[in-house]
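Here is a briefing on one protein chain. Please look over the sequence and the structure first; the notes follow by topic.

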Amino acid sequence: MAQQDRTTATNDHTKHAHNRPGNRLIGSSSPYLKQHAHNPVDWYPWGEEAIAAARAQDKPIFLSVGYSTCYWCHVMERESFEDDATAADLRQNFISIKLDREERPDLDEMYMAAVQMMTGSGGWPMTVFLEPDTLRPFWGGTYFPPRPAHGRPSFRQVLSGISSAYANDRAGVAAQAKAVAEAVDEKLSAQSRPVLVDVSDVQRACTTLLTILDPIHGGFSSGQRGPKFPQPVYLELLLSVREKAADSATRAAIDAALRLTLDKMAVGGLFDQVGGGFHRYSVDHLWLVPHFEKMLYDQAQLLPIYAQAAKVYSDAFYARVTRRTAEYILREMTRTHGAEAGVFFTAQDAEVNGREGLNYLWSVTELKSVLGEDDGTFAADVYGVSEGANFIDPHHPPKEGEEPRNVLWLRQRPEEIARRFNLTVEAFHQRLDAINAKLLKARDTRTQPRLDDKVITAWNGLLIGGLAKAGELLSEPAWIDAAERAFDVLYARVRDETHGLRRTLHGQIPGVLEDAAMLLHGAIALALAREGSSRTRHLENAKAILMIAEKHFLDRGGDGSRGGGGGGGGVWFDTRAGAADLFVRPRSTYDGAMPSASSVMLGNLVRLYELTGEEDFASKARRTLAGLSAAIKDSPVSTALATAHLVRLLSMDPALVAESLRAQGARRVSAGTDGDIVQAFADVDRLIVTEEVPAASFELKLVIAEGYHLNDASAAEISGGTLAPLRVDVVGGTGLKVYADYPKGQPRAESGSTDDPLARVGVYHGELVFTVAVERTGPVTGEPKLVVLYQACTENACHEPTMIELGVGIDAQ
């Protein structure tokens, strides 16, 4: 399908009642806001008009935050925002604002922090109610159904309760809003004194990642049901440590973790086997069934990671995954016509006609209809369709007699499948490529997922950097050309005399730190990939963008939260000082699905020093490290990208890094250990597990310090992998499997809200006794050790997952 047709079909593909007159969102540049432009709800976009109306009419603000490819955002729209009675309730008692979180990540972060504090969890659509004079939140949540269900009130019940509270208890509302705002301010803008960070923090991050690695299916989640996310910042950290590691054992462990994870992601349904590119995440722990939306920022980060892995491991399969991802981006996520040709779109939706993944699913009959009997049978075998259905939409179960439809995946790496068919890898790929071309052509005739065609400065910068680096690593000059073309178009159009940069190509929203940091990241990658005058040009662009970032977002030593200046500080804030619609000035250090802007900026400064040799860049990098040091010390995994850049700084001159940190007032603090939190006692010293006696068991007693708890087996599934359950396992060898009779934990005592899914997580306090069995499953290799893996938590926070050795010997001979 031609891109223009794809875009048009995508933007028109909606069940909205277009016979209704458009509301205030009709002229928005955001595809997400346009999706709501014909709702009966009297929507405002975020801005002065909406805020002034709320104050003039003395109504609370109902703020609904989402994004165009959010599945549950679509569901809540169909159920509530298309409902005339709900719209009437909102019109009578609230000023309703619809916000695209991708256009205003600063507002999204601020109000999400509030919702998480109020409910213990968060997500999109985000539902927040604001006091109109201060814009402080006083109540919030996420998705609400049209009728009470699963312990949640209906949305109209929520509206009734909020309206009543605002009318009858204004003082209580104001007090709640003030308390929440103060807590958000403390969380998002608090600064900590610099601390000394060194190689021990890097080692701690690696140990944590290798501990929580899924040893069978790869990825970094100890849960066995999913969901499972790609987490590219973890992969980048391990690649950085591997590059500098002198210890062969560390390098071997990292290699095993990286290759397992990269293999499983690439052969699974997470990777679009027909069209290329990665879906957002896997709903299971196998990487098999994805949540089907495709985000530009995932492609931007995974593209250079697979390219680097292809180079490091001389792996043709990783190079193929990289090329197919780049081809997908240039085919479906790139504007190909007009004066803005070359820039990159934001995302593709997960659903078609309200059905999750409909465009990507295949039955055996459909495969044979497109490919013929021979190739259809071959494709059904290669892509796992012949094994039976692997996908069921829980919201739309199949009709009686309907043929099952499947997510396509590879059961093995290509060379192993080729061997099974007695083909060379080249011949196998030649046949598979011809099959994929036919399937893609047929798939393009189906109704397409919505395309979010807004052009975000930050996400484009991230993709420009990834495409340029991958092109350099795999000798693909066309990719570097494409990255350069996108940069030139974008940089010429988003510069703004007042704000430095704008957030999007067509909007007027001022950019935030991540826009400057990630566009700078792209400029530096282009400078590294080019030579001569082209390198000079991109380096000059990079220096100009850095000056914009320093002017608007760097705290130079004053009261950064209020925008003071002076001195030579290295603390970067996510937003400009003095923004009238923000009650805090956030400063994020968390590297998640998107890396934090501060971590990206640290990497930019390190690379600028490596590129130019100018000591000023190294000095700025060390000051930025000082600003991040307390967060790194607290959790080097939560700041994985910053920790990866710490590796590069330490490899240059560890003594100079320490000297610089001390000069900025850094103190030495202990990273802390969970050794005193959990003590483990086994009732045996050794186990015998031989061919003659293949199983043995023992009783394990854990003593948990007062004020702490451990999570039971429900934690990973309920928390979506953010909490780690208690687990006994074997490491350092193969041929053994561990089983444990874990008791069911008790509900978290501190959570009384049924709206909080974490309230359902079982926890252990005090003493815990259970039976552990070890079974021999094959030849025993290595030096197997029994370990306990757990995550210690208080009522307010959780430590990183930890592993302690039990000290129970295993006799396997």
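Contact here means heavy atoms within 4.5 Å. By that criterion, Ser629 touches Pro194, Val195 and Val197, leaving out residues up to four places away in sequence. The model is predicted. Its mean pLDDT is 89 for the protein chain.

**Confidence**

- In the protein chain, 92% of residues reach a pLDDT of 70 or more.
- Residues 7-16 stay under 50 in pLDDT. The model gives this stretch 19 contacts beyond four places in sequence.
- Residues 749-754 also have pLDDT below 50. Six contacts beyond near neighbours in sequence are present in the model for residues 749-754.
- Where pLDDT is low, the predicted coordinates should not be read in detail.

**Ser629**

- Helix H22, residues 615-634, holds Ser629.
- Is Ser629 buried or exposed? Ser629 has a relative accessible area of 0%, so it counts as buried.
- The Ser629 side chain reaches the backbone oxygen of Ala626 at 2.7 Å.

**The five-stranded sheet**

- Five strands make up an open sheet with mixed pairing. The strand order is S1-S3-S2-S4-S5.
- Strand S1 (43-45) and strand S5 (137-141) are the edge strands. Each of these two pairs on one side only.
- On average, neighbouring strands of this sheet are turned by 30° against each other, direction ignored.
- Strand S2 (residues 61-66) pairs with strand S4 (residues 126-130) in the antiparallel sense. Five bridges make up the pairing of S2 and S4.
- Which residue of S4 is the bridge partner of Phe62? The partner is Phe129.
- Pro125 sits in the loop between helix H6 (105-119) and S4. A cis peptide bond joins Trp124 to Pro125, with omega about 5°.

**The three-stranded sheet**

- Three strands form an open, antiparallel sheet in the order S8-S9-S12.
- Its edge strands are strand S8 (294-295) and strand S12 (451-452), each pairing on one side only.
- Strand S9 (residues 347-348) and S12 run antiparallel and are joined by two bridges.
- Opposite Ala347 stands Asp452 of S12.

**Core and buried helix**

- The largest nonpolar core has 144 residues. Met265, Tyr306, Leu467 and Met601 touch the most other members.
- Which helix gives the most to this core? Helix H19 (residues 513-529) does, with twelve residues.
- Beyond four places in sequence, Met265 is in contact with Pro230, Leu235, Leu270, Phe271, Phe278, Trp287, Leu302 and Tyr306.
- Helix H4 (residues 71-81) is mostly covered, with eight of its eleven residues buried.
- The buried residues of H4 are Tyr71, Cys73, His74, Val75, Met76, Glu77, Ser80 and Phe81.

- Gln231 is a residue other than glycine with a positive phi, near 50°. Gln231 lies in the loop between helix H9 (199-212) and helix H10 (232-244).
- Gln231 counts as partly exposed because its relative accessibility is 22%, and the buried class requires under 20%.
- Asn353 is also not glycine and has a positive phi, near 55°. Asn353 belongs to the loop between strand S10 (351-352) and strand S11 (355-356).
- Asn353 has a relative accessible area of 38%, so it is partly exposed.

**Val731**

- Val731 is part of strand S21 (residues 727-740).
- Is Val731 buried or partly exposed? Its relative accessibility is 30%, so Val731 counts as partly exposed.
- Val731 and Glu783 are 52 residues apart in sequence. Their C-alpha atoms are 8.1 Å apart in space.
- Setting aside neighbours within four places in sequence, Val731 is in contact with Glu783, Pro784, Lys785, Val787 and Met803.

Definitions and conventions. Residues are numbered from 1 along each chain as its sequence is written. This is a predicted model: local features need pLDDT of at least 70, side-chain atom pairs count only at pLDDT 80 or more; totals for chains, interfaces and linings use all residues. Side-chain values use heavy atoms; hydrogens and water are left out. Two strands pair if DSSP finds at least two bridges between them. Helices (H or I, at least four residues) and strands (E, at least two) are DSSP runs, numbered from the N terminus. Axes are lines fitted to C-alpha atoms, for helices over the stretch in contact, and angles run from 0 to 180 degrees between N-to-C directions. Buried means under 20% relative accessible area, exposed over 50%, partly exposed in between (1.4 Å probe, protein chains only). A polar contact is a pair of N or O atoms within 3.5 Å; within protein, one must be able to donate a hydrogen and the other to accept it, and residues adjacent in sequence count only if both atoms are side-chain atoms. pLDDT is the predictor's confidence in each residue, from 0 to 100. A nonpolar core is a set of buried Ala, Val, Leu, Ile, Met, Phe, Trp, Tyr and Cys residues joined through side-chain atoms within 4.5 Å.
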